[in-house]
Amino acid sequence: MANLRSWLSANHIIGNPQKFSLEERIFNTFCVIAVIALFIEIFFNYYIGLKTVALICLFGTLFSACLYYLSRYKRSTNLAITCLGIVANFTFLLNYFFNSGIYGPNLVLFCLILLITVVVVPKKQLALWIGLNLVTVFGVLTFEYCYPELIPNVYVDDLTKTIDFGVTYGVAALLISLSIFFIRNNYDKERTIVSLKNLEIEEQSAQILEQNKELEKLNSEKAKLFSIVAHDIRSPLSSILGYLEVLVDADITEAEDLQVKSRLLEVTKDTSEMLANVLAWSKSQLDGARVDIGRIDMGYELRKGLNLEKNIAYRKGIELVFNLADGVFVAADLNMFLIVMRNLVNNAIKFTPQGGKVVIAVTRNHENGFVKVCDNGLGISKEERDNLFKMRALSTFGTNNEKGVGLGLLLCKEFTELQGGKIWYEANQEQGDFFVVSFGLYDLFKGKQTR
């Protein structure tokens, strides 16, 4: 049976489900096996003296071959099935009368054609063909019961009868087994396909839910950001407007004039810093930040890039201390690196009172370079530490009432991670805050790139 199945597969009778439906494959297989079985039966029946039955088998062989051609090559399977239903019942009816009636294997053949009919015919035609089969079978049984002398026993001995029954059973068993194999195999394939589709749908649903959560979170953060910005920008703009009106309309002394201008400069600077952070974060969210990793000397860039922060610290009476190791080259994006460091240093200055100190240190180990920003200012409460590097719900105020939207640390975290670095907070043992930023050494990064 395995060899027969291999031959059938090689000739596209089974397999190739995309080209033929399940019913077509079963029908084509039935036709091929019928041709082989009936061809053998021709010689067997002729040998045992059943010449009429041999002629019927010859007709059945040619007819089965025509049905196969009609279904396999002309793709007229429905027409072939109709011809099979009519001719097979008529042929088996003749065979019943010339092959010992109820004492021959004829009822097995009727059961076989019933099975093939149920498997391959369209559902709407099932009642017709089943009814035809039942009427034919019970009709000949009734006829034989009434007129038994008209259906003689044609077997010459028990051996020929046994062989005839064995061959008929073998053919029927083979066709039944193949039909069940086709049905079970197709069922297993369909079940596997359905299971895979269900898994795919579940994965897609999970991804959609995750994306929805991310979108909801992003929309919530954006809404919160714009709400805070809209609220907080009004206050410094009102202050700026008020100071300008005083300068234009009021009659003030030179000392008062200098004080108003100094305050106006501070408010404008705070507002500018706020807007710079908002714009940088918005650009990274909407367009995607472009990262250009290169070789950066951390100490050199910090000395050169924090001049504005030096002036701010000086005006506020804060000592800005640089402990910068030379020759610490890291792999980072220069613009992003400076944005991160300016935000951290500005935060330290903002929350450090007059007379305080902010220390910026550069160190390294065998893999990373570190920038540490430490101050002895107000410090961060334990309750607020959980919200570090997140979108804050409330504005923050420095020691001189400098105002911000809490966006600086979120921007530092995102920009640091985009460069492949890390940022974290450590509590200062005495007072104030301690932030650390680390980047991989450039030589190690270059080695990874070349490998």
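## The chain overall

Count up the secondary structure and you get 14 helices and nine strands. Keep in mind that this is a predicted model. The chain runs to 451 residues, and buried ones make up 41% of them.

Now for a spot on the surface. Ile36, Phe39, Ile40 and Phe43 together make a nonpolar patch of about 420 Å². Ile40 sits in helix H2, which spans residues 22–47. With a relative accessibility of 51%, Ile40 counts as exposed, because the cut-off for exposed is over 50%.

Phe43 lands on that side of the line too, since its relative accessibility is 52%. Phe39 has a relative accessible area of 45%, so it is classed as partly exposed.

## Aromatic pairs

The ring-pairing rule, with centres within 6.5 Å, gives a count of ten aromatic pairs.

Phe337 and Phe439 make another pair, with ring centres 5.8 Å apart. Their planes meet at 65°, so this pair is edge-to-face, because the cut-off for that label is over 60 degrees. Phe337 comes from helix H11 (residues 334–350) and Phe439 from strand E9 (residues 433–440), so the pair ties together parts that are 102 residues apart in sequence. Are these two buried or exposed? Phe337 and Phe439 are both buried.

There is also an aromatic cluster to look at, formed by Tyr96, Phe97, Phe143 and Tyr147.

## Charges over rings

The charged end of Arg72 is placed over the ring of Tyr73, with 5.1 Å to the ring centre. Arg295, for its part, lies over the face of Phe329, and here the distance to the ring centre is 3.7 Å.

Key. Residues numbered from 1 in each chain as written. Predicted model: local features only at pLDDT ≥ 70, side-chain atom pairs only at ≥ 80, totals over all residues. Heavy atoms only, no water. Patch = residues over 30% accessible without salt bridge, like charges linked within 9 Å, V, L, I, M, F, W, Y side chains within 5 Å. Areas by Shrake-Rupley, 256 points an atom, 1.4 Å probe, with all protein chains shown as cover. Salt bridge = Lys/Arg side-chain N within 4 Å of Asp/Glu carboxyl O. Helix = DSSP H or I, 4+ residues; strand = E, 2+ residues; numbered from the N terminus. Buried < 20%, exposed > 50% of the residue type's maximum accessible area, 1.4 Å probe, protein only. Phe/Tyr/Trp six-rings, centres within 6.5 Å; stacked < 30°, edge-to-face > 60°. Lys NZ or Arg CZ within 6 Å of the ring centre and 35° of its normal.
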